[in-house]
Amino acid sequence: MSDQQPNAARRALIVGGAFALVVYAVPFLRFVFHTLITLVHELGHALAAWAFGIPALPAFDFVYGGGVTMHQGRSTGLMILIYLAFAALA
């Protein structure tokens, strides 16, 4: 391990912490990043549902200030396609 790695890690922590403080201090940036976090979170729900053969679409829930993922019923054809894709990747 070289001496450059601890310095690079420390620099990354300082820059990341400063960036987080700036985002937290500026209301517009806080709104933008909160919206992005909500979208990424709901995409996680949708991807997990799709992996089990359940069609789902993420959406924003403006009434409660968050997000929601709309699920449909499980699709046998979609499950077969997903399992074939997993088998091809393996």
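Threonine 69 is found in strand S2, which covers residues 66-71. Here helices (H or I, at least four residues) and strands (E, at least two) are DSSP runs, numbered from the N terminus. The structure is a predicted model, in which local features need pLDDT of at least 70 and side-chain atom pairs count only at pLDDT 80 or more, while totals for chains, interfaces and linings use all residues. Residues are numbered from 1 along each chain as its sequence is written, and side-chain values use heavy atoms, with hydrogens and water left out.

Is threonine 69 buried or exposed? Its relative accessible area is 10%, so threonine 69 is buried; buried means under 20% relative accessible area, exposed over 50%, and partly exposed in between (1.4 Å probe, protein chains only). The side chain of threonine 69 is joined to that of glutamate 42 by a polar contact of 2.6 Å. A polar contact is a pair of N or O atoms within 3.5 Å; within protein, one must be able to donate a hydrogen and the other to accept it, and residues adjacent in sequence count only if both atoms are side-chain atoms. Leaving aside residues up to four places away in sequence, threonine 69 touches Glu42, His45, Ala46, Ala56, Leu57 and Pro58, where contact means heavy atoms within 4.5 Å.

Threonine 38 is found in helix H2. With a relative accessibility of 12%, threonine 38 counts as buried. Threonine 38 touches Phe60, Gly66 and Gly67, again not counting residues up to four places away in sequence. Threonine 38 and valine 68 are 30 residues apart in sequence, and their C-alpha atoms are 9.2 Å apart in space.

Threonine 38 also belongs to the lining of the largest pocket, together with Phe31, His34, Thr35, Phe60, Asp61, Phe62, Gly65 and Gly66. On a 1 Å grid over the protein atoms alone, a pocket is an open set of points where a 1.4 Å probe fits, with protein on both sides within 12 Å along at least five of seven lines; lining residues have an atom within 4 Å of a point. About 160 Å³ of space lies in this pocket. Helix H2 (27-51) and strand S1 (56-61) each supply at least two lining residues, and the largest share, four residues, comes from H2.

Valine 63 is found in the loop between S1 and S2. Valine 63 counts as exposed, because its relative accessibility is 69%. Between valine 63 and leucine 89 there are 26 residues in sequence separation and 41 Å in space, C-alpha to C-alpha.

The structure holds one aromatic pair. Phenylalanine 19 and phenylalanine 33 form this pair, which is edge-to-face, at 6.0 Å centre to centre and 85° between the planes. Rings of Phe, Tyr and Trp (its six-membered ring) pair if their centres lie within 6.5 Å; planes under 30 degrees apart count as stacked, over 60 as edge-to-face and the rest as tilted.

Terms used. Grid points are joined across faces, edges and corners, and a volume is the space filled by probe spheres set on the points.
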